[in-house]
Structures are given as C-alpha cells and as structure tokens.
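Visitor: Before we start, could you show me the model, so that we can read its features together?

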Amino acid sequence: MKKLLLGSAALLMAGSVWAAPLQDVAERYTKLVLAVGQHDANYVDAYYGPPQWQEEAARKKRPLKELRADAGATLKLLAGQKGTDADETLRIEFLNKQLAAMQAYIDMLDGKKFSFDEETARLYDAVTPHHTRAYYESLVGEIAQLLPGSGPVTERLKAFRQNFVIPAERLRPVMDAAIRACRERTAPHIGLPEQESFTLEFVTGKPWSGYNWYKGQSRSLIQINTEFPIYIDRAVDLGCHEGYPGHHVYNALLEQTLVKGKGWVEYSVYPLQSPMSLIAEGSANYGIELAFSEDERLEFEQKVLFPLAGLDPALAPQYARLRRLLAKLSYADNDAAMQYLDGSFTRAQAIDWLVNVQLYPPEKSAQRVQFYDTVRSYVINYNLGADLVKAYVQRHATASDPQQARAQRWAAFRALLSSPRLASGLR
C-alpha cells in the first residue's frame with residue numbers, strides 16, 4: 001500500500017478533520033516569525049530557539065504571499081482548539097492574535113496602508129485615545145507656572161533642564177546605581193533565575209534612547225543611546241524599563257516559565273510588531289512606579305543619583321514635580337505619530353508638535369520622528385500599554401492595608417509577566 005505523507009496544511013486543504021497538535025502549530029508559528037524576519041531586520045526582536053530554524057529561514061527567503069498564506073493555514077489549524085486549562089486557553093488566544101497580527105504586518109510589508117488606529121488594532125490589539133491640541137495646551141500652561149523666568153515655555157524648559165543633565169564621565173556610575181536599585185526593589189517580589197545577568201553598553205546613532213536585546217538563558221544586552229543629553233530622571237526610567245522589573249525580567253520569566261517550564265516554543269521568539277509588544281512595553285513602563293513610589297524615587301534620586309551625577313540635590317523636588325507634569329503629555333506622542341503617519345502632518349509639523357505641544361527636547365525631536373519612520377504606530381505601547389497594565393494590576397490589589405495591597409500588585413504583575421495574556425485580556 002502506498003504511504004501518503006501530508007503536512008498539516010495539506011491535511012487541512014484536503015478537508016481532513018484531523019486537528020494538529022498545539023505544539024506543532026506553535027512550531028509553525030515560530031518558524032513563520034523567523035521567515036517574516038528575513039523581509040524586515042527589525043521584526044524579530046529576540047530569538048533563542050533551535051539555531052537550525054533560524055538558519056533555515058535565512059537560507060530559504062520565502063515570498064511574502066507564501067508566508068501570508070501559510071499564516072492563514074496555521075490560523076485555520078487553531079480553529080476549534082480548546083485548552084485543557086486556563087493557561088492553555090490563553091495560549092491558543094495568544095497564537096491566534098499573534099498570527100493575525102503577522103498577516104497584517106505581511107500586508108504592510110507588501111505595500112498595504114492602514115490608518116493609524118486600524119494599524120494599532122491589527123498589530124497590537126489596542127487603539128489609543130486621542131486628544132486635541134487645546135487639551136495638551138492646558139497642561140502646558142500648568143508646566144509654565146512651574147518654570148522660572150519668562151518667555152516661551154520651550155526655551156524656559158530647555159534652560160531649566162540643563163541643570164539636570166548627567167555629565168558623560170558620570171553616566172556609568174549613575175546608571176549602575178540606578179539599575180542596581182531597580183533590581184534590589186524587584187528581587188524580593190519576583191524570583192529571578194539564579195544565572196540571570198545583563199551587559200550594559202553605551203551607543204550612538206540609534207532612533208531610540210534605550211534598548212534591551214534579550215539573548216536567552218536569562219541574559220540581556222542593555223544599550224543606552226548617548227547621542228543626546230541624558231537627564232537625571234532617565235536613570236531610574238531606563239534602569240527599570242530595560243532591566244528590572246522591565247524587559248529583562250519579562251523575557252527571563254517567559255523563558256523560565258513558558259519555554260523551559262511548559263515547553264512552549266513560541267515564546268522563544270519575539271516579533272516586535274505584535275500584541276506581545278503592548279505587554280512588554282506597558283509592563284516595563286508601569287514597572288517604574290511599581291518599583292518606586294513617588295516619595296521613594298525622590299529620596300533615592302536626591303540622596304544617591306544627584307550626588308553621583310554632581311547635580312544639586314536641592315533641585316530634586318522641583319524637578320520631580322516637573323517630571324510628573326510632563327508625563328501627563330505622553331499621549332501627545334501618539335497623536336504626533338498618528339498625524340504624521342496618516343499624512344496630516346509633514347515632518348516639520350510633527351517636529352513642531354513634539355517641541356511645542358509635547359514639550360519634547362528640541363535636540364531629540366528629529367530622532368523621535370525617525371522612530372516613527374522606523375516602527376510607526378509602535379509608540380502606543382509605551383503609554384497605553386502602561387495604563388492598561390496598571391489598571392489590570394490594581395484590580396488585583398484589593399487589600400485595605402497598603403503593604404498587603406503592594407504585595408498583591410507585585411503578585412499580579414509577576415503573574416502577568418509569566419503568562420500568555422495579551423492586551424484585550426487586560427480589560
């Protein structure tokens with residue numbers, strides 16, 4: 001009798017009712033991510049699965065249309081799959097949403113245009129709120145009252161910020177101290193793998209201010225862009241966001257809990273333009289305030305970081321108030337990106353908005369537009385992601401005692417970082 005060998009896609013096309021094992025679907029997904037990455041070098045943010053899969057993807061650069069069809073076939077293999085427990089149900093939902101986002105991104109690579117909001121819905125499973133210029137200008141008015149001197153707010157802010165630039169020769173000790181403090185505040189609440197570690201590098205010429213390159217085996221390369229002045233508040237921001245309890249911890253927990261603990265190979269690859277990114281960036285940004293309350297952060301910066309940087313600690317309280325007010329303007333970043341990418345703004349108009357509406361540092365505004373050019377609507381993952389993660393975590397903090405509530409927040413945060421949950425699952 002002739003032996004018939006059919007792949008899972010062929011079985012599906014032949015009308016078979018055979019259901020592919022979920023692990024086979026996960027393997028197909030992982031290989032598809034690597035194959036799409038051959039068309040966009042930024043797409044695969046991290047990979048630590050079997051090296052031969054990556055080598056095969058590089059050796060056989062498959063056409064986009066073929067990849068889109070394969071993603072569709074893989075989605076059909078998921079139809080009707082039911083999880084045996086809550087985590088496996090989330091796993092199936094994760095694969096569904098990641099594959100749907102992959103299809104949308106393949107379409108974009110192939111020339112298709114989506115509106116900003118449609119793009120974020122398809123790629124990141126979320127749509128950001130939008131605000132008018134008048135809304136942001138009322139916040140700028142509050143900031144103006146805090147700044148010394150007279151004249152345009154942007155000029156007064158730039159002059160005031162000069163008091164808080166970390167000198168280049170002091171940057172490493174400041175960053176080392178900040179990351180160490182972020183780790184010390186994370187470790188009691190999240191059991192980190194024993195072998196976890198990171199390497200810190202300073203670079204230039206990038207469209208971002210900081211980046212975590214996860215290498216697997218609980219190791220990360222953290223890069224800080226020193227092309228422009230780095231203000232003292234960025235030390236804690238970057239230490240938490242890129243390190244603890246941010247990207248380094250998120251990736252280490254996924255590897256420890258899902259890849260090694262459950263054998264879920266799909267978590268050994270991280271496609272940047274996917275719903276994973278909203279959880280990754282949102283948890284990394286929310287992790288800053290989880291690690292440091294406002295009072296704790298002010299005390300640490302005033303007593304440790306300001307002296308290490310050679311800055312006047314007496315100015316720390318005023319700068320902390322300024323930082324909190326500037327944070328209220330964060331959604332102006334999304335609106336700048338939307339109007340620029342949808343064609344309502346020219347490059348010059350986007351820069352004007354960043355400088356005069358968001359009060360973005362003028363020297364960095366062109367770099368920010370370059371970031372839009374590079375990763376487009378990805379910007380929503382930072383602020384919207386943080387707000388969604390915060391709301392999700394706080395719903396799990398029901399204790400009236402502040403210490404118990406804080407422990408509950410950490411427990412919910414750790415559970416989120418170790419799970420397949422995506423944006424729509426946070427609501």
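Visitor: Which residue stands opposite Tyr214 in strand 4?

Guide: Strands of a sheet pair through backbone hydrogen bonds, either parallel or antiparallel. In this predicted model, where local features need pLDDT of at least 70, side-chain atom pairs count only at pLDDT 80 or more, and totals for chains, interfaces and linings use all residues, Tyr214 stands opposite Ser220 in strand 4. Residues are numbered from 1 along each chain as its sequence is written, and side-chain values use heavy atoms, leaving out hydrogens and water.

Visitor: In which sense do strand 3 and strand 4 pair, and over how many bridges?

Guide: Two strands pair if DSSP finds at least two bridges between them, the strands (E, at least two residues) and helices (H or I, at least four) being DSSP runs numbered from the N terminus. Strand 3 and strand 4 (residues 219-225) pair in the antiparallel sense over 6 bridges.

Visitor: What is the strand order of the open sheet?

Guide: The open sheet of 3 strands has the order 2-4-3, with mixed pairing. Its edge strands, each pairing on one side only, are strand 2 (197-203) and strand 3 (210-216).

Visitor: Which strands does helix 11 lie across?

Guide: Axes are lines fitted to C-alpha atoms, for helices over the stretch in contact (heavy atoms within 4.5 Å), and angles run from 0 to 180 degrees between N-to-C directions. Helix 11 (residues 247-262) lies across strand 2, strand 3 and strand 4, at about 20° to strand 3, while helix 10 (residues 233-243) lies across strand 3 and strand 4, running at about 25° to strand 3.
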